[in-house]
Every structure is written in C-alpha cells, then in structure tokens.
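Here are my notes for your read-through. Please keep the viewer open and check each point as you go.

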Amino acid sequence: MTSPTGKRVLLAAPRGYCAGVDRAVIAVEKALEHYGAPVYVRKEIVHNKYVVESLSDKGAVFVNETDEVPEGARVVFSAHGVSPAVHEAAAERNLQTIDATCPLVTKVHKEAVRFAADDYDILLIGHEGHEEVEGTAGEAPDHVQIVNSPDDAVNVTVRDPEKVVWISQTTLSVDETMETVDRLRERFPTLQNPPSDDICYATQNRQVAVKKLAPECELVIVVGSANSSNSVRLVEVALNAGADASYRIDRAQEMDESWLDGVTTVGVTSGASVPEILVNDVLAYLAERGYGDVQEVRTATEDLMFSLPKELRADLKAAGNAPARPRRENRTSLSVEPV
Ligand code: 2E6
Ligand code: F3S
C-alpha cells in the first residue's frame with residue numbers, strides 16, 4: 001500500500017541465493033544429517049557470516065587448510081573452488097572430500113586447463129587473494145596472470161601477443177570487467193574472449209536489478225558480508241547507477257538511523273550468498289520507520305538448480321535417501337507489490 005509520506009522501498013529481484021550457494025549450503029546440511037557432526041569445511045562454504053555461524057551451530061567445523069582436518073576425516077570444499085594442489089593435499093591425508101565448488105566456477109577452471117594445454121598466456125581478471133581466483137589460477141600457474149583492475153592492464157607482459165586469452169572470476173562488476181578487457185585489447189588487439197561468459201548469471205542478474213532501481217533511490221542497502229565479492233560489487237553498481245548513497249550490511253542491526261535522513265526511496269538488495277531472512281529483517285526495520293510500502297523491481301526470473309555434489313549423492317543414494325532436494329524458499333515474508 002502506498003505510504004501517505006511517499007516513503008517506499010524498491011526491492012531488487014533477483015537477489016539473494018544463487019543456485020551454486022543453495023547447493024553448497026544444502027551439501028553441508030545433508031552431510032551433517034547423513035554422516036553426523038563434525039563435518040569439516042575448508043574455508044567459508046560461502047562468504048556469509050550468518051550462514052557460517054548457522055552451520056557451525058549445527059556441527060560444521062570450518063578450517064583454513066586441509067592440514068587442520070584429522071587424517072581420514074570428511075571435508076567439504078567451498079563453493080569458490082580449489083586448486084589441484086588442494087585436492088592432492090587432501091588425498092595425501094586420506095580425506096574423504098565432498099566438492100561443493102559451484103559448477104560455474106568449475107567451468108572457468110576447465111577453460112584455464114584447456115587454454116594452458118594450448119599454451120596460451122591466460123589473463124585472469126579477478127581479485128588477487130580471493131579464494132576463487134586462487135583456485136582457478138592454481139589450475140595452470142605457469143600460464144595464468146592475474147589482472148586486478150583496469151589500471152592493472154599496463155602491467156601485463158606476455159610471451160606472444162597473438163596468443164592471449166582472458167578469463168575471469170565469476171562475481172565481478174560486468175562494467176569494470178569490460179573496461180579491463182578494453183584496456184587489455186588496446187595492448188593485445190587479437191586478445192581472445194572466453195568461450196562463454198565467466199561472470200555468472202546470478203552476478204549479472206543482481207547487478208541489472210540494482211542498476212534499474214538505483215536511479216530512483218537516495219539510499220541503497222546491500223545485505224551481504226564484507227568478504228563477499230558479489231555483494232561488495234552491488235554497492236559499487238548502485239553508486240555508479242545513480243544512488244545518492246549505498247551501504248553494505250551483514251544484518252539489520254548494522255543499519256544507522258542517520259542514513260534515512262531526508263530519504264524517500266530506499267533500494268534493498270542482497271548478494272548471492274545471503275539468506276532471505278536477513279533481507280526480511282531489514283524490511284521490518286524499514287517498515288518500523290515508515291517505509292512499509294515495498295515494491296519489487298524484477299528484471300529476471302531464475303529457475304536454475306544444480307544437483308548435489310556427486311560424492312554426497314552417491315552416499316545418499318546408497319543409503320536409500322532420495323537425492324532430490326527442495327528448492328530453498330527465498331521469498332520475502334512481507335507483502336510486496338510488483339512495479
Ligand atoms: C562461489 C563462487 C562465486 O566472494 P564471492 O562473491 O565470490 O562469494 P559468495 O560466497 O559471497 O557468493 C557466492 C559465490 C560462491 N560466488
Ligand atoms: Fe556459482 Fe555464480 Fe553463485 S558462480 S555460486 S552461481 S554467484
């Protein structure tokens with residue numbers, strides 16, 4: 001219902017969980033149910049504090065490296081993927097692995113392997129130190145160079161400028177990545193594109209939705225954790241698209257009353273690793289302050305689902321448990337009017 005004050009919320013759709021996060025989180029939950037606690041998880045299964053804390057409460061034990069996992073124990077690899085060296089280290093300790101790498105990250109790994117086999121110089125656009133970039137680069141360390149930003153393009157040196165390809169992290173800003181590619185192509189005119197988009201559908205869809213609502217917003221709130229690349233990108237996209245201000249928060253308690261001073265329209269979205277309950281809490285916070293009129297701005301509909309990691313599927317099947325799984329409910333509990 002329209003507010004007499006004109007105050008309103010524009011709620012981005014799609015937002016929140018993507019298919020790869022849904023699968024990874026369910027994989028840990030199913031592993032806990034099936035094998036019992038503890039189940040070790042290398043790195044954060046997805047980059048969200050609430051998810052990690054909730055799974056820890058259920059018995060998941062998050063570690064930084066496989067050498068922290070007891071010999072022979074079970075370990076889940078996170079959605080961001082791991083390099084072959086990590087698989088080897090796990091095998092040396094006889095660990096039982098469940099690989100929850102998002103299939104769309106695996107696709108990029110395969111591109112790196114293929115172009116390395118053809119002896120290309122591979123320019124991996126992505127953020128140095130991010131787990132996904134470490135995993136992808138680790139597939140072909142002798143062929144991959146990381147390009148962090150458009151400005152970093154000047155630092156690249158290649159063996160043969162006619163044999164260069166770019167690939168990317170899945171969760172980058174589409175616009176900034178295209179800028180990096182343009183700069184690289186100025187230097188290497190025959191730079192080859194990846195066979196298909198590496199920035200995944202979920203990253204792209206969330207950015208398109210924010211771009212649509214941001215010009216109408218004095219404030220855009222992005223729910224997501226500080227280490228979540230795709231969530232952080234949504235703040236940048238909102239600001240670039242015309243929002244007067246944009247903040248990333250992990251949860252509603254981090255909202256600052258002063259952000260709402262003089263604000264009529266608040267945009268709300270969330271990263272691909274963010275459970276909808278955290279968005280609902282933000283909407284409730286805003287409703288208590290007069291922003292009860294929530295209008296959804298939808299730019300795409302998503303129905304992609306991935307099956308569970310094969311190791312887990314096999315064990316569930318052998319135990320007579322149906323591998324089918326329900327789609328996680330990711331709708332807001334508030335009444336929302338589409339615009
Ligand atoms: C795996 C790969 C890509 O930091 P980033 O955005 O990559 O990660 P999350 O966990 O916030 O988002 C999901 C994801 C998982 N994206
Ligand atoms: Fe996969 Fe993209 Fe999500 S790479 S984990 S679908 S953000």
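1. Start with the residue classes. Ala, Val, Leu, Ile, Met, Phe, Trp, Tyr, Cys and Pro count as nonpolar. Asp, Glu, Lys and Arg count as charged. The others, Gly among them, count as polar. Keep in mind that this model is predicted.

2. Apply those classes to ligand 2. The shell around ligand 2 has 7 nonpolar residues, 2 polar ones and no charged ones.

3. Now find that shell. The residues around ligand 2 are C18, G20, V21, C102, L104, T170, C200, Y201 and A272. Click through them and sort each one by class.

4. Turn to ligand 1. There are 15 residues around ligand 1. H47, S228, S229, N230 and S273 come nearest. By class, the shell of ligand 1 holds 4 nonpolar, 10 polar and 1 charged residues.

5. Which atoms lie 2.7 Å from an oxygen atom of ligand 1? S229 places a backbone N or O atom at 2.7 Å from a ligand 1 oxygen. N230 uses a polar side-chain atom, again 2.7 Å from an oxygen atom of ligand 1. S273 has a side-chain N or O atom 2.7 Å from an oxygen of ligand 1.

6. How much of ligand 1 does the protein cover? On its own, ligand 1 has 380 Å² of accessible area, and the protein covers 96% of that.

7. Last, look at the cavity. Ligand 1 sits in the largest cavity.

Methods: Residues numbered from 1 in each chain as written. Chains lettered and ligands numbered in written order. Predicted model: local features only at pLDDT ≥ 70, side-chain atom pairs only at ≥ 80, totals over all residues. Heavy atoms only, no water. Near = heavy atom within 4 Å. Polar contact = N/O pair within 3.5 Å; in protein donor to acceptor, adjacent residues only side chain to side chain. Areas by Shrake-Rupley, 256 points an atom, 1.4 Å probe, with all protein chains shown as cover. 1 Å grid on protein atoms, 1.4 Å probe; cavity = no way out; pocket = protein on both sides within 12 Å on 5 of 7 lines; lining within 4 Å. Sits in = over half its atoms within 2 Å of the grid points.
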